[in-house]
Amino acid sequence: MIKINDLNFGYSKHKLLFKNLSMQLSNGHIYGLLGKNGAGKSTLLKNLAGLVYAQSGTLEVLGYNPAKRQPALLQQICFIPEEFYLPSVKIDAYVKANAAFYPNFDHAYFATLLAEFDIPVGQKLINMSYGQKKKLIIAFGLATNAKLIIMDEPTNGLDIPSKAQFRKIMASALTEDRCIIISTHQVRDLDNLIDTVIMVDENSIALKASVEEITNKLCFKRVKEMDDTIIYAEPSMAGYNAVMPNFHQEDSKLDLELLFNAVLAEKNKLKPIFN
Amino acid sequence: MNNTFNIQRFGLLLKRQWLEFGKIYLITLGVAAGVIIAFYGFSLYGLLIGERDFSARALNFREPLFLIFGFLFITVIASSYFAHLGQKPKAIIDLLIPASTFEKFLAGLFFTTILSSVAFLLIFFSIDLAFVSKLRSVFPDWNFTNMIGTKPESMIIYFFNENKPKEFTSIYLIVPFFITSIFLLGSIYFNKYHYIKTTIAVMIFSGIWGYIIVNTAELVFKGRVAIYRNSSIEVDNPKLWAEIGIFCLILLLTAIIWRITYQRLKEKEV
């Protein structure tokens, strides 16, 4: 679905944010895009949506070049930005004006999502809280039935019940022909939701692996003492939460936050494991 | 699917843009109507209540009002159309609407050039019609027999009857397109203070352009005198040729500015 080859991008010509970035993303997956503030998560998503232009390299989304912003591709992209603007109209008017651009827009599904997110229907968009607006654009985006769903910090501004609803809805929204990319720095919000982790750090992709591959190759467990096999550890109440190579094929649950910190701190130790 | 232009998609885009842009548009139109009514009311109040006698100069305020306010109205509208693209949250939603860049650009032209000019002409015409009709009913005796014939003519003339372009009509038609094209470009070129920045840019550009032309003309023609001699080539209608020349020049400049605006829209990044 998405092919990136030797992509070079920077907001200034002298300082590149991505250097020779290459990656392929396929449908039927929920990708979690993680990285520090300023690592380039949002910029990578904007490149995919054609909102910024790369200096060099090729980028293909569903066979189109997103930089051309062709309607045939835009109909298949649902982009939920971190900051957004909604006009001062009621939901009905907003849907009437925008839904017609998406040939697969599902009004019944949209109504179901509004009910699930507990969004009052008759209210003007401008009078809604930030969280309600965010849930509305998520509901609208999913109802477009777009093949590529890009979400930049979607859980920002959502309360705790809404985050749980969000995870539930996103899990059910995944179909075989859809690709969902969710960027966040709140890694715990993506627990049990994503099936592939992409980590951006220092101009490139520091890690891209499925949850299964990660738990096959790494073991996340609590240890009492440090030893040489441990790649990265953080002190906890009863010892350390550690990441170590999974020599004995143990079953362990992926700790996204621990993995995130491990990649940032011990990139060189992790790279050979995933290459 | 045609990724450049589709009439149905263009119609949807116009509807959607009206939802976003319509409120600003109607407010500006309301303000414009209010100001025109205020000017008419202030200038003609004494006449309408019979306090003053009618004089031919009483309606002279209309021409500067039409030109200055008309200019302000169409430039303010044009200057605000793409202005939101300078704001990240609005730009993302707008750029990702599934319509082509060409359709988005055409929608911009429709709202800023055609609709704004027609709307201004219409409100000016309506307000003038109302006030002048009232004035005519107050001063029905202001009919006189003109010096040549016997046909009576009213001195109280509707604005568009009095100012109907008798010549250079095509230039009157193209000028609003040219003016709005400049301010539409300004609205996408600058991220903030679009109107002021565009005005300053136009002043600087016109200044430089004027300076170059004056100096070039001086360099070419200084110390020379024009010699008129009989030529075998005669121009039948010099006014018509001048009109065609000026029209083509303005049209070309407008087309260039539109092309630049389209390119800016195409390359707009967030």
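Author: In this predicted model, the axes of helix 6 (residues 169-189) of chain B and helix 7 (residues 194-221) of chain B come within 9 Å. They cross at roughly 125 degrees.

Reader: Which term describes the arrangement of helix 6 of chain B and helix 7 of chain B?

Author: Angles over 145 degrees count as roughly antiparallel and 65 to 115 as roughly perpendicular, the rest between these being oblique. A crossing at roughly 125 degrees therefore makes helix 6 of chain B oblique to helix 7 of chain B. The crossing is right-handed.

Reader: Which residues of the two helices meet?

Author: From helix 6 of chain B come Ile182(B), Phe183(B), Gly186(B) and Ser187(B). They meet His194(B), Tyr195(B), Thr198(B), Thr199(B) and Val202(B) of helix 7 of chain B. By class, the residues of this contact are 4 nonpolar, 5 polar and no charged.

Reader: At what angle does helix 6 of chain B pack with helix 8 of chain B?

Author: Helix 6 of chain B and helix 8 (residues 238-266) of chain B pack at about 20 degrees, with axes 9 Å apart. Angles under 35 degrees count as roughly parallel, so helix 6 of chain B is roughly parallel to helix 8 of chain B. Their crossing is left-handed. The contact has 19 nonpolar, 5 polar and 2 charged residues.

Reader: How is the packing of helix 5 of chain A and helix 6 of chain A to be read?

Author: The axes of helix 5 (residues 130-143) of chain A and helix 6 of chain A come within 12 Å and cross at roughly 5 degrees. That angle makes the two helices roughly parallel. Helix 5 of chain A contributes Lys135(A), Ile138(A) and Leu142(A) to the contact. Helix 6 of chain A contributes Ser162(A), Phe166(A), Ile169(A), Met170(A) and Ala173(A). These residues divide into 6 nonpolar, 1 polar and 1 charged.

Reader: How many salt bridges does a search of the whole structure find?

Author: Side chains of opposite charge can pair when their charged atoms come close. Over all chains, the search finds 16 salt bridges. One joins Glu116(A) and Lys168(A), whose closest N and O atoms are 3.7 Å apart. Glu116(A) belongs to helix 4 (residues 107-116) of chain A and Lys168(A) to helix 6 (residues 160-173) of chain A, so the pair ties together parts 52 residues apart in sequence.

Reader: What does UniProt list for residues 2-227 of chain A?

Author: The unreviewed UniProt entry lists "domain: ABC transporter" there. In the model, residues 2-227 of chain A are 29% helix and 28% strand, with end C-alpha atoms 41 Å apart.

Reader: Where does UniProt place the feature "transmembrane region" in chain B?

Author: The unreviewed entry places it at residues 24-45, 65-84, 105-127, 171-190, 202-221 and 241-260 of chain B. Residues 24-45 of chain B are 100% helix and 0% strand, their end C-alpha atoms lying 30 Å apart. Residues 65-84 of chain B are 85% helix and 0% strand, with end C-alpha atoms 30 Å apart.

Notes
Residues numbered from 1 in each chain as written. Chains lettered and ligands numbered in written order. Predicted model: local features only at pLDDT ≥ 70, side-chain atom pairs only at ≥ 80, totals over all residues. Heavy atoms only, no water. Axes fitted to C-alpha atoms, helices over the stretch in contact; angles between N-to-C directions. Helix = DSSP H or I, 4+ residues; strand = E, 2+ residues; numbered from the N terminus. Left-handed = near helix turned anticlockwise from the far one by under 90°. Contact = heavy atoms within 4.5 Å. Nonpolar A, V, L, I, M, F, W, Y, C, P; charged D, E, K, R; others polar. UniProt positions renumbered as here; feature names shortened; annotations may be inferred. Salt bridge = Lys/Arg side-chain N within 4 Å of Asp/Glu carboxyl O.
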